[in-house]
Amino acid sequence: MQQHRAQAFLFDMDGTLIDSHILVERVWEAWCARCDLNLDDIRPYTHGVRTEDTVRMVAPHLDVATEVAWMEEIETDTTGGIAPVPGADVFLQAMPAGRWAVVTSASRPVLDARFAACNMQLPAVVVTSEEVDRGKPAPDPYLLAARRLGVDPARCIVFEDAPAGMASALAAGCKVVLVGDFISDEPGVIGHITDFAQLEFAVDGDLLLSAPAPVLKGLRAIA
């Protein structure tokens, strides 16, 4: 078994804890139809980053606030087709209070709607799109979460599913476990899972994460 220690776990939401890809795809498809854009052209810029940053990048001629509000209304009111990523709900139930956070590129209303729809608990610390000047892939969201938990980012393990989120976590100095189809050999990536049931978790002062190789890599554990 490979083991890694941390003082806190930080979780992305979409694609990491909650499978919302069908809903997200439908929202972007509807927005592209509204704005006469091609979804295939903008899809690479939609995953893991704030809606406002994507709109600003792919449609700088539009009013960002108006377009974001239009999409977020749909995302808040519509939760059909979303579900926990395999094993995520059970894994979160074992998290000790004050030792974990959710760090998402979604807004707070969207986060609340999706967690409620999946009947999943939220931690005391959440970081949403409104709370940082720079979203993922900048390190700001994960640095803010670590600061609110009162821990060194270097002693955090982040769970992420997207390149932008991975880049954000690594830039903040965290270690990363990738969830889902995205795989990377970037230094600092300590493992890859498709189901949280692949992991074992215990508390012995630190948070102790265990799994057979190659689920977790045999890198130096966090001191």
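Modeller: Two strands pair if DSSP finds at least two bridges between them, and strands (E, at least two residues) and helices (H or I, at least four) are DSSP runs numbered from the N terminus. This is a predicted model, in which local features need pLDDT of at least 70 and side-chain atom pairs count only at pLDDT 80 or more, while totals for chains, interfaces and linings use all residues. Residues are numbered from 1 along each chain as its sequence is written, and side-chain values use heavy atoms, leaving out hydrogens and water.

Biologist: What is the average pLDDT of the protein?

Modeller: pLDDT is the predictor's confidence in each residue, from 0 to 100. Of the residues, 97% score at least 70, and the average is 94.

Biologist: Which strands are at the edges of the open sheet?

Modeller: The sheet has 6 strands with parallel pairing, in the order β6-β5-β2-β7-β8-β9. Two of them pair on one side only, and these edge strands are β6 (125-127) and β9 (189-193).

Biologist: Which residue in β5 stands opposite L10?

Modeller: β2 (residues 8-11) and β5 (residues 100-103) pair in the parallel sense over 3 bridges. F9 stands opposite W100, and L10 stands opposite A101.
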